[in-house]
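Biologist: Could you take me through this one? I am new to reading structures.
Modeller: Fine, let us have it on screen.

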Amino acid sequence: MPSPTQVVALLKAQNIRHVRLYDADRALLLALANTGIRVTVSVPNDQILGIGQSNATAANWVARNVIAHVPATNITAIAVGSEILTTLPNAAPVLVSALKFIHSALVASNLDGQIKVSTPHSSSIILDSFPPSQAFFNRSWDPVMVPLLKFLQSTGSYFMLNAYPYYDYMQSNGVIPLDYALFRPLPPDKEAVDANTLLHYTNVFDAIVDAAYFAMSYLNFTNVPIFVTESGWPSKGDSSEPDATLENANTYNSNLIRHVLNNTGTPKHPKIAVSTYIYELYNEDLRPGAISEKNWGLFDADGMPVYTLHLTGAGTVLANDTTNQTFCVAKEGADPKMLQAALDWACGPGKVDCSYLLQGQPCYEPDNVVAHSTYAFNAYFQKMAKSPGTCDFKGVATITTTDPSHGSCIFPGSAGRNGSLPNTTSLAPSSNSTTSGCHSVYIYGAGSFTTSVIIGVLLMSVFFL
(Lines give C-alpha, C1' and ligand atoms only; values in the text may rest on other atoms or scores of the structure.)
Protein backbone atom coordinates (compact mmCIF):
# COMPACT_ATOMS: atom_id res chain seq x y z
CA MET A 1 0.00 0.00 0.00
CA PRO A 2 1.25 3.53 -0.64
CA SER A 3 3.09 5.25 2.17
CA PRO A 4 2.19 8.79 3.29
CA THR A 5 5.17 10.08 1.31
CA GLN A 6 3.94 8.30 -1.82
CA VAL A 7 0.41 9.62 -1.32
CA VAL A 8 1.64 13.20 -0.97
CA ALA A 9 3.80 12.74 -4.07
CA LEU A 10 0.65 11.71 -5.98
CA LEU A 11 -1.28 14.72 -4.65
CA LYS A 12 1.50 17.05 -5.75
CA ALA A 13 1.79 15.37 -9.14
CA GLN A 14 -1.95 15.83 -9.62
CA ASN A 15 -1.74 19.45 -8.45
CA ILE A 16 -4.21 18.66 -5.67
CA ARG A 17 -4.35 21.70 -3.42
CA HIS A 18 -6.93 20.51 -0.87
CA VAL A 19 -7.08 17.24 1.04
CA ARG A 20 -9.47 15.85 3.62
CA LEU A 21 -8.29 13.20 6.06
CA TYR A 22 -10.84 10.98 7.74
CA ASP A 23 -8.68 11.08 10.86
CA ALA A 24 -5.56 13.02 11.82
CA ASP A 25 -2.87 10.55 10.82
CA ARG A 26 0.38 11.96 12.17
CA ALA A 27 2.63 10.51 9.47
CA LEU A 28 0.45 11.89 6.71
CA LEU A 29 0.20 15.31 8.38
CA LEU A 30 3.99 15.40 8.61
CA ALA A 31 4.29 14.38 4.96
CA LEU A 32 1.90 17.21 4.03
CA ALA A 33 4.01 19.82 5.82
CA ASN A 34 5.40 22.64 3.69
CA THR A 35 3.41 21.56 0.63
CA GLY A 36 0.86 24.36 0.83
CA ILE A 37 -1.92 21.79 0.47
CA ARG A 38 -5.00 22.84 2.47
CA VAL A 39 -5.94 20.04 4.87
CA THR A 40 -9.17 19.04 6.60
CA VAL A 41 -8.57 16.68 9.52
CA SER A 42 -11.27 14.59 11.20
CA VAL A 43 -12.15 13.41 14.67
CA PRO A 44 -12.86 9.65 14.37
CA ASN A 45 -16.31 8.50 15.49
CA ASP A 46 -14.92 6.46 18.35
CA GLN A 47 -13.56 9.61 19.97
CA ILE A 48 -16.74 11.71 19.83
CA LEU A 49 -18.15 10.59 23.20
CA GLY A 50 -14.96 11.43 25.05
CA ILE A 51 -14.46 14.81 23.37
CA GLY A 52 -18.14 15.74 23.65
CA GLN A 53 -18.08 15.26 27.40
CA SER A 54 -14.76 16.93 28.22
CA ASN A 55 -13.41 20.31 27.24
CA ALA A 56 -9.97 19.16 28.35
CA THR A 57 -10.11 16.06 26.12
CA ALA A 58 -11.08 18.26 23.18
CA ALA A 59 -8.23 20.67 23.92
CA ASN A 60 -5.77 17.77 24.10
CA TRP A 61 -7.01 16.46 20.74
CA VAL A 62 -6.54 19.86 19.11
CA ALA A 63 -3.08 20.27 20.68
CA ARG A 64 -1.93 16.86 19.47
CA ASN A 65 -3.53 16.80 16.02
CA VAL A 66 -3.68 20.45 14.99
CA ILE A 67 -1.45 22.78 16.98
CA ALA A 68 1.46 20.34 16.74
CA HIS A 69 1.33 20.58 12.93
CA VAL A 70 0.45 24.19 12.09
CA PRO A 71 1.58 26.35 10.43
CA ALA A 72 3.87 23.92 8.53
CA THR A 73 0.84 21.81 7.63
CA ASN A 74 -1.94 24.04 6.34
CA ILE A 75 -4.93 22.74 8.31
CA THR A 76 -8.08 24.68 7.41
CA ALA A 77 -10.99 22.60 8.75
CA ILE A 78 -11.93 19.90 11.25
CA ALA A 79 -14.70 17.39 10.52
CA VAL A 80 -16.01 16.13 13.85
CA GLY A 81 -17.04 12.53 13.27
CA SER A 82 -18.87 11.21 10.21
CA GLU A 83 -22.62 10.60 9.94
CA ILE A 84 -22.95 10.46 13.72
CA LEU A 85 -26.74 10.77 13.75
CA THR A 86 -27.19 7.65 11.64
CA THR A 87 -24.16 5.52 12.49
CA LEU A 88 -23.50 6.37 16.15
CA PRO A 89 -26.79 7.78 17.53
CA ASN A 90 -25.75 7.26 21.15
CA ALA A 91 -23.15 10.00 20.61
CA ALA A 92 -25.68 12.42 19.10
CA PRO A 93 -26.51 14.14 22.43
CA VAL A 94 -22.90 15.28 22.80
CA LEU A 95 -22.18 16.03 19.12
CA VAL A 96 -22.75 19.78 19.34
CA SER A 97 -20.76 19.92 22.57
CA ALA A 98 -17.89 18.19 20.77
CA LEU A 99 -17.96 20.81 18.02
CA LYS A 100 -18.08 23.64 20.56
CA PHE A 101 -15.24 22.23 22.67
CA ILE A 102 -13.07 21.76 19.56
CA HIS A 103 -13.88 25.30 18.46
CA SER A 104 -13.07 26.69 21.93
CA ALA A 105 -9.64 25.06 21.78
CA LEU A 106 -9.06 26.75 18.42
CA VAL A 107 -10.17 30.11 19.85
CA ALA A 108 -7.73 29.71 22.74
CA SER A 109 -4.92 29.24 20.22
CA ASN A 110 -6.16 32.05 17.96
CA LEU A 111 -6.80 29.55 15.15
CA ASP A 112 -10.59 29.89 14.88
CA GLY A 113 -10.31 32.38 12.02
CA GLN A 114 -8.22 29.94 10.00
CA ILE A 115 -9.88 26.60 10.84
CA LYS A 116 -13.62 25.85 10.47
CA VAL A 117 -15.41 23.15 12.47
CA SER A 118 -18.36 21.06 11.23
CA THR A 119 -19.63 17.46 11.01
CA PRO A 120 -20.63 15.40 7.91
CA HIS A 121 -24.20 14.05 7.65
CA SER A 122 -25.77 11.29 5.61
CA SER A 123 -28.45 12.55 3.23
CA SER A 124 -30.74 9.93 4.80
CA ILE A 125 -31.48 12.35 7.66
CA ILE A 126 -33.52 14.34 5.12
CA LEU A 127 -37.08 13.07 4.81
CA ASP A 128 -39.53 13.57 1.93
CA SER A 129 -36.60 14.73 -0.18
CA PHE A 130 -38.52 15.10 -3.45
CA PRO A 131 -39.74 17.52 -4.39
CA PRO A 132 -36.85 19.29 -2.63
CA SER A 133 -39.09 22.13 -1.45
CA GLN A 134 -40.96 19.68 0.79
CA ALA A 135 -37.82 18.25 2.40
CA PHE A 136 -37.24 18.39 6.14
CA PHE A 137 -34.84 16.83 8.59
CA ASN A 138 -35.98 13.85 10.64
CA ARG A 139 -37.79 15.73 13.43
CA SER A 140 -36.39 13.37 16.06
CA TRP A 141 -33.04 15.06 15.47
CA ASP A 142 -34.31 18.64 16.04
CA PRO A 143 -32.73 18.81 19.54
CA VAL A 144 -29.36 18.25 17.81
CA MET A 145 -29.93 19.90 14.44
CA VAL A 146 -31.17 23.28 15.68
CA PRO A 147 -28.22 23.99 18.00
CA LEU A 148 -25.85 22.53 15.37
CA LEU A 149 -27.10 24.94 12.71
CA LYS A 150 -26.89 27.82 15.19
CA PHE A 151 -23.25 26.88 15.82
CA LEU A 152 -22.44 26.67 12.11
CA GLN A 153 -24.14 30.00 11.46
CA SER A 154 -22.42 31.80 14.34
CA THR A 155 -18.95 30.50 13.42
CA GLY A 156 -19.29 31.03 9.66
CA SER A 157 -18.91 27.31 8.99
CA TYR A 158 -20.74 25.05 6.51
CA PHE A 159 -23.18 22.15 6.55
CA MET A 160 -21.30 19.00 5.54
CA LEU A 161 -23.40 16.57 3.48
CA ASN A 162 -22.63 13.14 2.01
CA ALA A 163 -24.58 12.84 -1.26
CA TYR A 164 -24.75 9.56 -3.18
CA PRO A 165 -27.02 9.53 -6.25
CA TYR A 166 -25.81 5.95 -6.80
CA TYR A 167 -27.61 4.77 -3.65
CA ASP A 168 -30.71 6.85 -4.42
CA TYR A 169 -30.80 5.26 -7.86
CA MET A 170 -30.28 1.72 -6.53
CA GLN A 171 -32.98 2.11 -3.87
CA SER A 172 -35.58 3.68 -6.17
CA ASN A 173 -36.67 0.38 -7.76
CA GLY A 174 -36.51 1.87 -11.24
CA VAL A 175 -38.24 5.14 -10.41
CA ILE A 176 -35.04 7.17 -10.88
CA PRO A 177 -33.65 6.88 -14.45
CA LEU A 178 -29.97 6.01 -14.72
CA ASP A 179 -29.33 9.05 -16.94
CA TYR A 180 -30.82 11.30 -14.26
CA ALA A 181 -28.39 9.89 -11.69
CA LEU A 182 -25.38 10.20 -14.03
CA PHE A 183 -25.90 13.87 -15.05
CA ARG A 184 -26.68 12.78 -18.61
CA PRO A 185 -28.80 15.21 -20.63
CA LEU A 186 -32.55 14.68 -20.37
CA PRO A 187 -35.24 15.97 -22.73
CA PRO A 188 -37.25 18.78 -21.10
CA ASP A 189 -40.29 16.56 -20.65
CA LYS A 190 -38.20 14.07 -18.66
CA GLU A 191 -36.76 16.60 -16.22
CA ALA A 192 -38.07 16.44 -12.66
CA VAL A 193 -40.06 19.54 -11.75
CA ASP A 194 -40.72 20.73 -8.21
CA ALA A 195 -44.43 21.59 -8.39
CA ASN A 196 -44.12 24.03 -5.48
CA THR A 197 -41.27 26.12 -6.90
CA LEU A 198 -41.43 25.14 -10.61
CA LEU A 199 -37.68 24.55 -10.43
CA HIS A 200 -36.42 21.98 -12.96
CA TYR A 201 -33.98 19.30 -11.79
CA THR A 202 -31.78 17.67 -14.41
CA ASN A 203 -29.83 15.42 -12.01
CA VAL A 204 -30.17 13.68 -8.64
CA PHE A 205 -27.14 15.43 -7.12
CA ASP A 206 -28.73 18.89 -7.35
CA ALA A 207 -31.98 17.57 -5.95
CA ILE A 208 -30.20 16.12 -2.90
CA VAL A 209 -28.29 19.35 -2.24
CA ASP A 210 -31.41 21.52 -2.61
CA ALA A 211 -33.36 19.18 -0.34
CA ALA A 212 -30.76 19.94 2.34
CA TYR A 213 -31.06 23.68 1.68
CA PHE A 214 -34.86 23.51 1.98
CA ALA A 215 -34.62 21.35 5.13
CA MET A 216 -32.41 23.99 6.75
CA SER A 217 -34.78 26.76 5.71
CA TYR A 218 -37.64 24.76 7.29
CA LEU A 219 -35.77 25.33 10.57
CA ASN A 220 -35.27 29.03 9.67
CA PHE A 221 -31.61 28.75 8.66
CA THR A 222 -31.05 30.22 5.21
CA ASN A 223 -27.42 31.36 5.18
CA VAL A 224 -25.43 28.20 5.98
CA PRO A 225 -23.61 27.00 2.84
CA ILE A 226 -23.48 23.30 1.94
CA PHE A 227 -20.27 21.38 1.45
CA VAL A 228 -20.61 17.91 -0.10
CA THR A 229 -18.04 15.87 1.79
CA GLU A 230 -18.59 12.61 -0.10
CA SER A 231 -19.94 11.60 -3.50
CA GLY A 232 -18.98 9.08 -6.16
CA TRP A 233 -19.89 5.97 -8.11
CA PRO A 234 -18.42 2.43 -7.87
CA SER A 235 -16.63 1.01 -10.90
CA LYS A 236 -17.41 -2.64 -10.20
CA GLY A 237 -20.19 -4.56 -8.45
CA ASP A 238 -21.66 -8.02 -8.06
CA SER A 239 -24.67 -9.42 -9.94
CA SER A 240 -27.06 -7.35 -7.83
CA GLU A 241 -25.29 -4.13 -8.83
CA PRO A 242 -25.24 -4.19 -12.64
CA ASP A 243 -24.80 -0.42 -12.92
CA ALA A 244 -21.58 -0.34 -10.88
CA THR A 245 -19.35 -0.22 -13.98
CA LEU A 246 -16.23 1.55 -15.18
CA GLU A 247 -18.24 3.44 -17.77
CA ASN A 248 -20.83 4.67 -15.26
CA ALA A 249 -18.22 5.58 -12.65
CA ASN A 250 -16.29 7.54 -15.24
CA THR A 251 -19.46 9.23 -16.51
CA TYR A 252 -20.69 10.19 -13.04
CA ASN A 253 -17.40 11.53 -11.71
CA SER A 254 -16.50 13.32 -14.94
CA ASN A 255 -19.92 14.96 -15.12
CA LEU A 256 -19.91 15.82 -11.42
CA ILE A 257 -16.53 17.52 -11.71
CA ARG A 258 -17.64 19.41 -14.81
CA HIS A 259 -20.85 20.43 -13.01
CA VAL A 260 -18.91 21.79 -10.04
CA LEU A 261 -16.13 23.47 -12.00
CA ASN A 262 -18.61 25.25 -14.25
CA ASN A 263 -20.05 27.01 -11.18
CA THR A 264 -23.45 25.72 -12.24
CA GLY A 265 -24.82 25.69 -8.71
CA THR A 266 -28.25 24.18 -8.03
CA PRO A 267 -31.71 25.28 -9.17
CA LYS A 268 -32.35 26.85 -5.74
CA HIS A 269 -28.94 28.54 -5.65
CA PRO A 270 -27.72 28.95 -9.25
CA LYS A 271 -24.16 30.11 -9.81
CA ILE A 272 -23.18 29.16 -6.25
CA ALA A 273 -20.76 26.26 -6.70
CA VAL A 274 -21.15 23.29 -4.37
CA SER A 275 -17.69 22.33 -3.14
CA THR A 276 -17.43 18.54 -3.34
CA TYR A 277 -15.28 15.59 -2.33
CA ILE A 278 -15.32 12.56 -4.63
CA TYR A 279 -15.14 9.13 -3.07
CA GLU A 280 -12.35 8.02 -3.36
CA LEU A 281 -8.66 8.13 -4.26
CA TYR A 282 -7.78 4.43 -3.94
CA ASN A 283 -9.72 1.21 -4.38
CA GLU A 284 -9.82 -0.98 -1.27
CA ASP A 285 -9.35 -4.60 -2.20
CA LEU A 286 -9.30 -5.69 1.47
CA ARG A 287 -12.50 -3.90 2.44
CA PRO A 288 -15.24 -6.28 3.63
CA GLY A 289 -18.71 -6.32 2.13
CA ALA A 290 -20.07 -6.15 -1.39
CA ILE A 291 -17.74 -5.95 -4.37
CA SER A 292 -18.82 -2.36 -4.97
CA GLU A 293 -17.55 -1.35 -1.52
CA LYS A 294 -14.03 -2.17 -2.68
CA ASN A 295 -14.25 -0.28 -5.97
CA TRP A 296 -14.99 3.42 -5.48
CA GLY A 297 -11.42 4.56 -6.17
CA LEU A 298 -9.87 6.34 -9.10
CA PHE A 299 -6.57 4.54 -8.54
CA ASP A 300 -5.52 1.08 -7.43
CA ALA A 301 -3.18 0.90 -4.45
CA ASP A 302 -0.19 0.63 -6.79
CA GLY A 303 -1.01 4.03 -8.24
CA MET A 304 -2.40 2.68 -11.50
CA PRO A 305 -5.52 4.53 -12.67
CA VAL A 306 -8.75 2.54 -12.62
CA TYR A 307 -9.97 4.79 -15.42
CA THR A 308 -9.09 8.19 -16.82
CA LEU A 309 -11.57 11.00 -16.30
CA HIS A 310 -12.38 12.95 -19.45
CA LEU A 311 -13.37 16.51 -18.82
CA THR A 312 -13.09 18.18 -22.18
CA GLY A 313 -16.00 20.47 -21.41
CA ALA A 314 -14.24 21.75 -18.30
CA GLY A 315 -10.83 21.91 -19.95
CA THR A 316 -9.28 19.42 -17.56
CA VAL A 317 -8.32 15.76 -17.57
CA LEU A 318 -7.32 13.56 -14.67
CA ALA A 319 -3.58 13.12 -14.82
CA ASN A 320 -2.00 9.85 -13.87
CA ASP A 321 1.57 10.95 -13.43
CA THR A 322 3.62 14.12 -13.30
CA THR A 323 3.53 14.59 -17.08
CA ASN A 324 -0.15 13.77 -17.57
CA GLN A 325 0.79 10.74 -19.71
CA THR A 326 -1.22 7.53 -19.90
CA PHE A 327 -0.71 4.66 -22.30
CA CYS A 328 -2.57 1.51 -23.30
CA VAL A 329 -0.53 -1.71 -23.25
CA ALA A 330 -1.03 -5.44 -23.57
CA LYS A 331 -2.04 -6.97 -20.27
CA GLU A 332 0.56 -9.22 -18.67
CA GLY A 333 -0.28 -12.89 -19.16
CA ALA A 334 -2.89 -12.23 -21.86
CA ASP A 335 -3.67 -15.06 -24.30
CA PRO A 336 -1.39 -14.61 -27.38
CA LYS A 337 -4.22 -15.63 -29.72
CA MET A 338 -6.51 -12.97 -28.29
CA LEU A 339 -3.67 -10.43 -28.54
CA GLN A 340 -3.17 -11.33 -32.19
CA ALA A 341 -6.87 -10.99 -32.92
CA ALA A 342 -6.96 -7.60 -31.19
CA LEU A 343 -3.80 -6.51 -33.06
CA ASP A 344 -5.38 -7.50 -36.38
CA TRP A 345 -8.49 -5.49 -35.53
CA ALA A 346 -6.54 -2.40 -34.45
CA CYS A 347 -4.44 -2.39 -37.63
CA GLY A 348 -7.51 -3.15 -39.78
CA PRO A 349 -10.99 -1.94 -38.82
CA GLY A 350 -9.47 0.17 -36.02
CA LYS A 351 -7.58 2.17 -38.68
CA VAL A 352 -4.38 2.43 -36.65
CA ASP A 353 -1.23 3.35 -38.58
CA CYS A 354 0.76 0.15 -38.01
CA SER A 355 3.50 1.00 -40.52
CA TYR A 356 5.88 1.52 -37.60
CA LEU A 357 5.63 -2.25 -36.96
CA LEU A 358 6.88 -3.30 -40.40
CA GLN A 359 10.32 -4.89 -40.75
CA GLY A 360 12.99 -2.23 -40.80
CA GLN A 361 10.78 0.32 -39.07
CA PRO A 362 11.47 1.73 -35.55
CA CYS A 363 8.96 -0.46 -33.67
CA TYR A 364 9.48 -3.79 -35.48
CA GLU A 365 11.73 -5.08 -32.72
CA PRO A 366 11.03 -6.95 -30.53
CA ASP A 367 9.15 -8.97 -33.11
CA ASN A 368 6.49 -10.59 -30.95
CA VAL A 369 2.74 -10.26 -30.50
CA VAL A 370 2.98 -8.62 -27.07
CA ALA A 371 5.21 -5.78 -28.25
CA HIS A 372 3.34 -5.23 -31.50
CA SER A 373 -0.12 -5.34 -29.91
CA THR A 374 1.06 -2.91 -27.22
CA TYR A 375 2.03 -0.42 -29.91
CA ALA A 376 -1.24 -0.86 -31.78
CA PHE A 377 -3.40 -0.74 -28.65
CA ASN A 378 -1.76 2.48 -27.53
CA ALA A 379 -1.97 4.07 -30.99
CA TYR A 380 -5.71 3.38 -31.02
CA PHE A 381 -6.12 4.63 -27.43
CA GLN A 382 -4.33 7.90 -28.22
CA LYS A 383 -6.17 8.28 -31.53
CA MET A 384 -9.50 7.98 -29.69
CA ALA A 385 -8.40 10.69 -27.20
CA LYS A 386 -8.23 8.10 -24.40
CA SER A 387 -12.01 7.81 -24.39
CA PRO A 388 -13.57 5.39 -21.87
CA GLY A 389 -13.54 1.80 -23.11
CA THR A 390 -10.89 2.36 -25.79
CA CYS A 391 -8.22 0.47 -23.84
CA ASP A 392 -9.86 -2.87 -23.29
CA PHE A 393 -9.69 -5.01 -26.44
CA LYS A 394 -11.84 -7.73 -24.87
CA GLY A 395 -9.87 -7.65 -21.65
CA VAL A 396 -6.32 -8.07 -23.01
CA ALA A 397 -5.27 -4.40 -22.62
CA THR A 398 -4.75 -2.13 -19.64
CA ILE A 399 -3.86 1.50 -18.93
CA THR A 400 -0.45 2.40 -17.53
CA THR A 401 1.44 5.57 -16.67
CA THR A 402 4.77 4.02 -17.70
CA ASP A 403 5.89 5.13 -21.15
CA PRO A 404 6.36 1.92 -23.23
CA SER A 405 8.62 3.69 -25.74
CA HIS A 406 12.01 2.08 -26.25
CA GLY A 407 15.05 3.04 -28.28
CA SER A 408 13.96 4.79 -31.46
CA CYS A 409 10.41 3.43 -31.09
CA ILE A 410 8.52 6.40 -29.64
CA PHE A 411 4.92 5.61 -28.83
CA PRO A 412 2.02 7.99 -29.63
CA GLY A 413 1.31 10.14 -26.56
CA SER A 414 4.93 10.04 -25.42
CA ALA A 415 6.71 13.28 -24.52
CA GLY A 416 9.29 12.26 -27.11
CA ARG A 417 6.74 12.15 -29.96
CA ASN A 418 6.68 15.45 -31.81
CA GLY A 419 8.20 17.00 -28.70
CA SER A 420 4.88 17.68 -27.02
CA LEU A 421 2.11 16.30 -24.85
CA PRO A 422 -1.64 16.60 -25.17
CA ASN A 423 -2.92 19.93 -23.91
CA THR A 424 -4.39 18.81 -20.59
CA THR A 425 -4.56 20.07 -17.04
CA SER A 426 -4.16 17.78 -14.07
CA LEU A 427 -7.08 17.15 -11.77
CA ALA A 428 -7.61 14.50 -9.19
CA PRO A 429 -9.38 11.77 -7.10
CA SER A 430 -12.50 11.08 -4.16
CA SER A 431 -15.00 9.72 -0.87
CA ASN A 432 -18.15 7.19 0.61
CA SER A 433 -20.74 7.37 3.32
CA THR A 434 -20.44 3.94 4.89
CA THR A 435 -16.75 4.35 5.63
CA SER A 436 -14.86 4.79 8.86
CA GLY A 437 -11.23 5.64 9.41
CA CYS A 438 -10.73 7.29 6.02
CA HIS A 439 -8.87 10.21 4.49
CA SER A 440 -10.40 12.51 1.89
CA VAL A 441 -8.54 14.54 -0.65
CA TYR A 442 -9.38 17.63 -2.67
CA ILE A 443 -8.12 18.14 -6.18
CA TYR A 444 -7.56 21.34 -8.04
CA GLY A 445 -7.14 21.69 -11.78
CA ALA A 446 -4.26 24.10 -12.24
CA GLY A 447 -5.70 27.54 -12.68
CA SER A 448 -8.95 26.11 -13.99
CA PHE A 449 -11.29 27.35 -11.30
CA THR A 450 -11.49 29.70 -8.37
CA THR A 451 -10.54 28.84 -4.82
CA SER A 452 -14.21 28.68 -3.85
CA VAL A 453 -14.64 25.50 -5.88
CA ILE A 454 -13.25 22.27 -4.50
CA ILE A 455 -13.29 18.77 -5.91
CA GLY A 456 -12.26 16.29 -3.26
CA VAL A 457 -11.16 12.72 -2.80
CA LEU A 458 -11.31 10.24 0.09
CA LEU A 459 -8.33 8.15 1.16
CA MET A 460 -9.02 5.23 3.48
CA SER A 461 -6.81 5.10 6.58
CA VAL A 462 -6.14 1.41 5.99
CA PHE A 463 -3.42 2.57 3.62
CA PHE A 464 -1.48 4.14 6.45
CA LEU A 465 -1.53 1.33 9.00
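**Buried residues and cores**

Modeller: Start with Y375, which is buried, with a relative accessible area of 1%. Keep in mind that this is a predicted model.

Biologist: Why does Y375 count as buried?
Modeller: Because its relative accessible area is 1%, and buried means under 20%.

Biologist: And where is Y375 found?
Modeller: Y375 sits in helix 13, which covers residues 369-383. C363 is 12 residues from Y375 in sequence, and the two C-alpha atoms are 7.9 Å apart in space.

Biologist: New topic. How many residues has the largest nonpolar core?
Modeller: That core has 100 residues, and V66 and F159 have the most contacts inside it. Helix 10, residues 204-218, gives the most to this core, with 11 residues.

Biologist: What does V66 touch?
Modeller: Leaving out residues up to four places away in sequence, V66 touches V41, W61, I75, I78, L106, L111 and I115. There is also a second, separate core of 25 residues, which includes A330, C354, A376 and Y380.

Biologist: What about T119, buried or exposed?
Modeller: T119 counts as buried because its relative accessibility is 2%, and the cut-off is under 20%.

Biologist: Where is the place of T119?
Modeller: T119 lies in the loop between strand 4 (116-118) and strand 5 (120-122).

Biologist: Which backbone oxygen does its side chain reach?
Modeller: The side chain of T119 reaches the backbone oxygen of V80, at 2.6 Å. Not counting residues up to four places away in sequence, T119 touches V80, G81, L95, L99, L148 and M160.

Note on methods:
Residues numbered from 1 in each chain as written. Predicted model: local features only at pLDDT ≥ 70, side-chain atom pairs only at ≥ 80, totals over all residues. Heavy atoms only, no water. Core = buried A, V, L, I, M, F, W, Y, C linked by side-chain atoms within 4.5 Å. Buried < 20%, exposed > 50% of the residue type's maximum accessible area, 1.4 Å probe, protein only. Helix = DSSP H or I, 4+ residues; strand = E, 2+ residues; numbered from the N terminus. Contact = heavy atoms within 4.5 Å. Polar contact = N/O pair within 3.5 Å; in protein donor to acceptor, adjacent residues only side chain to side chain.
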